[in-house]
Amino acid sequence: MKTTSVSETVVSPVRIGWLSIGALGILALALGTLQSVVEPALPLLQRELGVSPAEGALIGNALLITGAVITPVAGKLGDRYGGKRVLIRLMAVVSVGGVMAGLAPNLPVLLLGQVLQGVMVGALPLSFILVRKHLTAEQSQAAIGLVVALFTGGGMVGMLFAGPIAEGLSWRWMFALPTIAIIATTPVVSRLMPHDPPTSSDKGIDWPGTVLLSGTLLAFMLGLVTVTGDGGLPPLAVGAVAVVVAALATGWVVVERRAASPMVDLHMLAKPAMWHACVLTLVITASSGMVVFLLPQLLAVSADGYGFGAGTTDIGLFLLPGAIAGAVSDSVGGIAARRFGPRAVVIVGTVVTAATMIALAALHTAEWQLVLAKVLTAFAAGVGTTALLAGTATAIDTKDIGIATSLLVVTRVVGVALGAQIAGAILDAGAEPMTGRPAESAFVTGFAVAGLVAALSLFVVRITEKGAQA
């Protein structure tokens with residue numbers, strides 16, 4: 001009888017149907033929408049909450065940081081305890097975060113809500129675990145493609161409808177409506193999706209490394225806000241912030257080097273192909289993150305000065321072509337890497353981004369200039385980072401592909417978050433004393449710095465070429 005019971009827990013690879021996949025897809029659509037509503041509405045949120053640009057950057061970055069650290073952990077949890085079980089619990093956390101963000105009376109509560117919502121990024125690898133266990137190989141590819149496409153589509157839905165919802169109802173409903181959809185869809189997924197058996201593993205979850213990495217990133221970004229805001233901090237306080245960040249980062253490195261199953265395998269970084277790709281990815285995405293933050297801010301500046309006075313709805317429409325370009329770039333990057341090589345793709349993307357940012361620093365008097373800049377930089381960054389991801393996957397041992405690609409994904413998210421926070425710090429430092437509004441020169445500085453950061457990729461490529469030849 002015991003043998004029969006065990007055999008009955010083995011799930012057939014064709015047990016679930018497209019109704020179950022559709023439920024997963026709708027959940028992914030709602031998650032993508034919830035993730036993307038902040039970008040076009042960020043200037044509105046800053047006004048409503050009375051916070052500076054650097055503080056506003058934390059709203060989006062809190063979600064990104066949680067997503068970066070939870071992604072590698074979610075897959076391990078899904079393997080150990082079952083993908084369905086972990087997915088449902090993550091959705092409960094996301095739902096609490098969405099409700100908290102919708103009801104937030106101030107910035108700290110909104111940030112906490114965003115931190116909780118960030119675990120949504122872990123839903124994608126868990127969805128992949130489920131479809132791989134319950135479908136054939138060919139069906140799994142189609143199902144994964146559908147889930148990813150709907151998550152990406154949800155991002156565009158959020159960008160388009162954040163404005164009408166915020167302006168017609170309230171910014172709180174931007175968070176509430178997708179959260180209601182998640183709360184309604186999660187029980188459907190739970191009912192339709194069969195349980196998947198956990199996989200026994202001797203590898204533990206690196207919780208200390210996860211906590212220390214999150215703390216390091218949050219401390220660094222909060223440090224940027226406090227150092228640049230309202231006249232900054234005295235030198236002693238700045239030194240204290242730096243010591244805290246350095247201590248957390250050092251502790252994380254020590255933990256990761258000693259962990260039996262580290263969140264980030266630092267030994268992998270010793271391989272030239274890996275650390276080259278990580279450095280390039282960090283530089284490219286930091287520049288892209290600056291652009292992502294600066295453009296909505298400039299669009300929202302009052303039209304009686306140098307800005308355009310765009311509302312949240314208009315900002316979403318202006319940013320949509322860039323979001324489409326970024327989605328398309330992910331598929332183009334892999335093809336370009338195979339045809340021309342990752343280095344050539346990175347160089348072209350870097351030149352495009354740097355030239356675009358330098359041009360935008362000098363010329364930003366019409367909306368179409370900002371829209372075009374967003375399209376070019378989003379496409380260039382997406383193609384470059386995807387090419388690096390594809391090139392790294394073919395340059396390392398097959399057994400290390402999972403570790404390497406997850407490390408690059410984490411680096412990509414961290415780069416965007418750091419870039420946005422640096423851009424917010426630049427605007428804070430260049431704010432006019434009387435109005436608190438960033439001066440036009442602050443945006444010029446921000447665009448120029450973004451271009452220089454992108455150009456730094458060429459220097460990194462040159463160094464790595466010399467290292468390879470040596």
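Met174 contacts Val37, Ala41, Leu45, Ala162, Ile165 and Ala166, leaving aside residues up to four places away in sequence. The model in which these contacts occur is predicted. Met174 is also one of the residues with the most contacts inside the largest nonpolar core, which comprises 99 residues.

**Nonpolar cores**
- Besides Met174, the residues with the most contacts inside the largest core are Leu31, Ile59, Met91, Trp171, Phe175 and Phe447.
- Helix H4, spanning residues 53–81, supplies the largest share of this core, namely 13 residues.
- Another core, of 7 residues, lies apart from the largest one, and its members include Ile284, Val346, Leu388 and Val460.

**Packing of H4 against H5**
- The axes of H4 and helix H5 (residues 83–103) approach within 6 Å and cross at roughly 130°.
- On the H4 side, the contact is formed by Ala74, Leu77, Gly78 and Tyr81.
- On the H5 side, the contact is formed by Gly83, Arg85, Val86 and Leu90.
- Classified by residue type, the contact of H4 with H5 has 5 nonpolar, 2 polar and 1 charged residues.

**Helix H12**
- Helix H12 covers residues 272–300, and its 29 residues should span 42 Å at 1.5 Å a residue.
- The end C-alpha atoms of H12 are 43 Å apart, which agrees with that expectation.
- Of the 29 residues of H12, 23 are buried, so this helix is largely enclosed by the rest of the structure.

How values were computed: Residues numbered from 1 in each chain as written. Predicted model: local features only at pLDDT ≥ 70, side-chain atom pairs only at ≥ 80, totals over all residues. Heavy atoms only, no water. Core = buried A, V, L, I, M, F, W, Y, C linked by side-chain atoms within 4.5 Å. Buried < 20%, exposed > 50% of the residue type's maximum accessible area, 1.4 Å probe, protein only. Helix = DSSP H or I, 4+ residues; strand = E, 2+ residues; numbered from the N terminus. Contact = heavy atoms within 4.5 Å. Axes fitted to C-alpha atoms, helices over the stretch in contact; angles between N-to-C directions. Nonpolar A, V, L, I, M, F, W, Y, C, P; charged D, E, K, R; others polar. Expected span 1.5 Å × (residues − 1).
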